[in-house]
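Good morning, and thanks for coming. Please have the structure up on your screens, and we will go through it together.

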Amino acid sequence: MENNKRNHDNDKKRKSGLNNLSRKGVEHGFAVISIMIIVPVFFTAVLLLTVLPRPEISEIEKRELAKMPEFTFESYFSGEYTADVAEHYDDTVPFRDDLKNVGYNFKSIFGIHNEDEVKVVGKPSVVTKPDNDKDETSESSKHDTSENSKNETQQSSSGDVSENRPEESSAETSDTSVQESTEPEEVTVENGIIVVKSNGHYRALELFGGGSGSTYAQALNDFHKDLGDSVKIYSMVAPLASEYYTPSSYSDFNASQRESIESIKSKLDKDIVSIDITDVLGQHKDEDIYFRTDHHWTPLGAYYAAEAFAKTAGLDFKDLSTYKKNDMEGFVGTMYGFTGDANLNNDPELFSYYTPDNVDKCMTYYYTTDFQYTGKGRFFNGVGDIRSAYLTFMGGDEQIVKVKTNIKNGKKLLIVKDSYGNAIPGYLFGSYEEIYVVDMRYFGLNLVDFVKQNNVTDMLFTMVSYSAVGGNADNLENLRTQAKGKKIVDEGLKDEE
Amino acid sequence: MVFSSLFFLYVFLPCCLIFYYLCKTIEKKNIVLIVSSLVFYAWGEPIWVCLLVLSAFVNWFASQFIGKLKKESKRKIVAAAAIIFDIGILVVFKYSGFIVENINAVTGLGLPVPQIVMPIGISFFTFQAISYIMDCLWGTVKPQKKYLNFLLYLSLFPQLVAGPIVRYSVIDDEITNRKIRAVDISEGAKRAILGIAKKVIVANNLYAVVEQFFGTDITNLSFCGTWYAVILYSLYVYFDFSGYSDIAIGLGRMFGFHFNENFNYPFICKTISEFWQRWHISLSSFFRDYLFYVPIFGKPRKYFNLFLVWFCTGMWHGASWNFIFWGLYFGIFIFIETKIGKKRLKKWNKVWTHIYSKIIIVIGFGIFYFTDLSQLGRFFMNISGISMITDGNAFADVLTRDSLLNNLYLIIFAIIVSMPVLQKVKYFFYKWGNNTVYAVGQIGGVLICCALLVISSILLVDNTNNPFLYFRF
């Protein structure tokens, strides 16, 4: 008690001491103190950013970070060199992904969170209802792309990341001339992303801009013409998750994928078999058929699709119960990187995939996109980082893959797919003798030659609506016409037992 | 190089500060600043840095004559030559494309449109040079004898690329004779951090929202959505621009320079005239002093000059018609306000004048945003509600509602900060209380600034965000 009193008196003295000083002296004193606080904070940051090791890749963004540029006079005088040096520094901040997580969490305090909240990312615009002519459906989205480059330069930090879809960029790099010549509706179907909360969990949904998919249908018809009746062609276009989970209040911003898929079907030759999985998946929408935090369907969703395909094609198909279920916990997929929504990162999900019982009797052969053999291995691979769990299937997209199963039925399947298709082949190990997997965006040979040479019997085009209706489909025509007559040698044959 | 980048904050700035404070004499400090400024400028403009150096030389050289020549007419000729040079640079680099495009549109000549990329900050340093030449001519400042000192004035990196347009008279003495007190460093640093936070925490995130609405086709945008986006855009421009000015003023102060304020809480204005006394003050005062009061074609003509000033103000913001409309739009309201008269305006109900001025300002920023005139027309249809009648656009939409909920706290925070609340808090700690209250304010302020610096830096990490889905491991 006495002590307290003495302390109090001391405090009083000190305070009154401070108050007795001239304001100018106090100002100077506290300026010095301020400097002594700010300078160490600032220079500690400078030091840490200088000495700490810099990352080379970003797991969240799934990309290689900017490299230090090499100096040339040309690049210097164009301003490119200095810009790249600064970009390298800014891009490779130590603990980049962790700092981004902190930043996204900070941003989540900007708004109100409630039970049925919806966060909007990108630039959704109202999709025009297709009254009679579907080809006009994504006029609004078309405008989107033309604005992209402008906005990126204007405001790189806008957090608006939805434009940088690799599907688009790959289509751009593959052949721009084709893109220019396509109908306006085929430019893009991207219409922003919404993150919705339902049943206590967050789910990211890519809204669909619409489109008729005529480029896709035309390409398949042309394949059919070139290949004749010796090869059976199947088309299986999967809807995006937004077809099932978009809140009704956002229906104006989300075009019907069923209509686009049906429009494709109506344009396909009669001999091409269309597998309509919109309803199939719809029946299972209460199960985890789409990831909440990733732009893909789940392996379970792919199972129902594969089942529908097998039924239509009259294939042997095993029930899911015969598969071994493999679980990976804590999966947060690509949509976190796209939306920067901390809620997704803080609400991870289970990544389950299914391996068939004959998996050990099958061998997977890997090739470059020009069919240079790179080696054999497993179809289902372990992944280093849980965030890249979808790479379990063949480890990615930019390659050609051949699976030799233990089935001897003379049936050979070639799958033309985007990354949605990666989850399909694993369910067909009991249905085909050989399965070739070709990515529609990364294939350097002539696909008609390739199909003929490898005596393919069935061809399955399977991808998400986004690819079939959007710019990716432009590349299908290239696959048919490019590199005609080029010799195709399968070096992997030597490696087969 | 932009202020709001990690490279500037944690590489360029510390290097510059270390060298600056290691140098003892003012001459050496000035050399450090000149070299830093040229490096800073050349970082973005490796070739046009020569233009900056040349422009500084021409204007300095002209000023020497203006200082020495006795005959008024000769002095005027030299000054005119220098100003023609300065405006010539602007015309060539900023407006040539625009001019040729318009000539082509009117005459159908089809002249080749020059593809000149405008050097950064050209509008700012050119105007500084013009103000200097005019001040020399009028004798309000003495011509700077040393070229390097003048180059320092013109190229000083804190204000080089985004203003404020610092008058030579403001830092004339400080170029050769300045004392850097501890208060300058601490206040300067805090001011600069505040500016960075305004830009990175508030402006960038507001812009992301604006782009969701305006960055795409606005044909179907609802009435409320249009108002919402344009209000946020107005706030964005304020935070972006005044944030940059804060950084400039703060950094300048850390080097011992005291620049004038460029913004004075513009949104608390009651009239448009008042708005322009509070918004981008260095620009509006430039036009007031060097254009409005200057007799052109013989005698000063008040209303002609008024519209000339607003035409130029608009045009200064960019080589596009919407900017010219934007300037003239304000000119019209200022014309109306002068006709009504200040006294009568003062008597009007404050609530109404606030509402009137905010509506005019916010719509003005819509004109400022849409460089595409057809989109601008659409904007007017939407914001006036006409498109609800003619095209059946919605009154409100779900996107606006959710966006507002997603960003409500940010928007409220932005509105509060755009009012002189912080100023009042500071004033309380500084003037109202005793030294203890002052001490609490100081320590609290510096800790908040440190936190803002850390948060801003973390948010800046996301600047190069560019997710790619199919990374090949």
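**A loop, two chains and some helix pairs**

I will start with a single residue. A:Gly209 sits in the loop between strand 5 (201–208) and helix 9 (214–227) of chain A. A word on terms: helices (H or I, at least four residues) and strands (E, at least two) are DSSP runs, numbered from the N terminus. This is a predicted model, where local features need pLDDT of at least 70, side-chain atom pairs count only at pLDDT 80 or more, and totals for chains, interfaces and linings use all residues. Residues are numbered from 1 along each chain as its sequence is written, while chains are lettered from A and ligands numbered from 1 in the order in which they are written.

Is A:Gly209 buried or exposed? A:Gly209 is buried, because 30 other C-beta atoms lie within 10 Å. The cut-offs are these: a residue is buried if 20 or more other C-beta atoms lie within 10 Å of its own, exposed if 12 or fewer, and partly exposed in between, with C-beta atoms placed from the backbone. A:Gly209 and A:Ser256 are 47 residues apart along the chain, and their C-alpha atoms are separated by 8.6 Å.

Now chain A as a whole. Its secondary structure comes to 18 helices and 15 strands. Of the 497 residues in chain A, 45% are buried. Take the contacts in chain A between residues at least 6 apart in sequence: 75% of them join residues at least 24 apart. Two residues are in contact if their C-beta atoms, placed from the backbone, lie within 7 Å.

Next, two residues with a positive phi. Most residues other than glycine have a negative phi, and most peptide bonds are trans. A:Met394 is not a glycine, yet its phi is near 65°. A:Met394 lies in the loop between strand 11 (373–377) and strand 12 (400–404) of chain A, and is buried, with 21 other C-beta atoms within 10 Å. In chain B, B:Tyr265 has a positive phi of about 45° and is not a glycine either. B:Tyr265 is in the loop between helix 10 (223–254) and helix 11 (272–278) of chain B. With 17 other C-beta atoms within 10 Å, B:Tyr265 is partly exposed.

On to where the chains meet.

One helix pair spans the two chains. Helix 5 (residues 96–107) of chain A and helix 21 (residues 435–461) of chain B pack at an angle of about 115°, with their axes 8 Å apart. Helix 5 of chain A is therefore roughly perpendicular to helix 21 of chain B. Angles under 35 degrees count as roughly parallel, over 145 as roughly antiparallel, 65 to 115 as roughly perpendicular and the rest as oblique. Axes are lines fitted to C-alpha atoms, for helices over the stretch in contact, and angles run from 0 to 180 degrees between N-to-C directions. Residues making this contact include A:Leu99 and A:Phe106 of helix 5 of chain A, and B:Ile455 and B:Leu459 of helix 21 of chain B. The contact of these two helices divides into 7 nonpolar, 1 polar and 2 charged residues.

The axes of helix 13 (residues 302–316) and helix 14 (residues 321–340) of chain B come within 6 Å and cross at roughly 145°. Among the residues that meet are B:Trp310 in helix 13 of chain B and B:Phe330 in helix 14 of chain B. The contact of helix 13 with helix 14 of chain B has 14 nonpolar, 4 polar and no charged residues.

For helix 10 and helix 19 of chain B, the axes come within 12 Å and cross at roughly 30°. Helix 10 and helix 19 of chain B are therefore roughly parallel to each other. By class, their contact has 9 nonpolar, 2 polar and no charged residues.

Key
Nonpolar A, V, L, I, M, F, W, Y, C, P; charged D, E, K, R; others polar.
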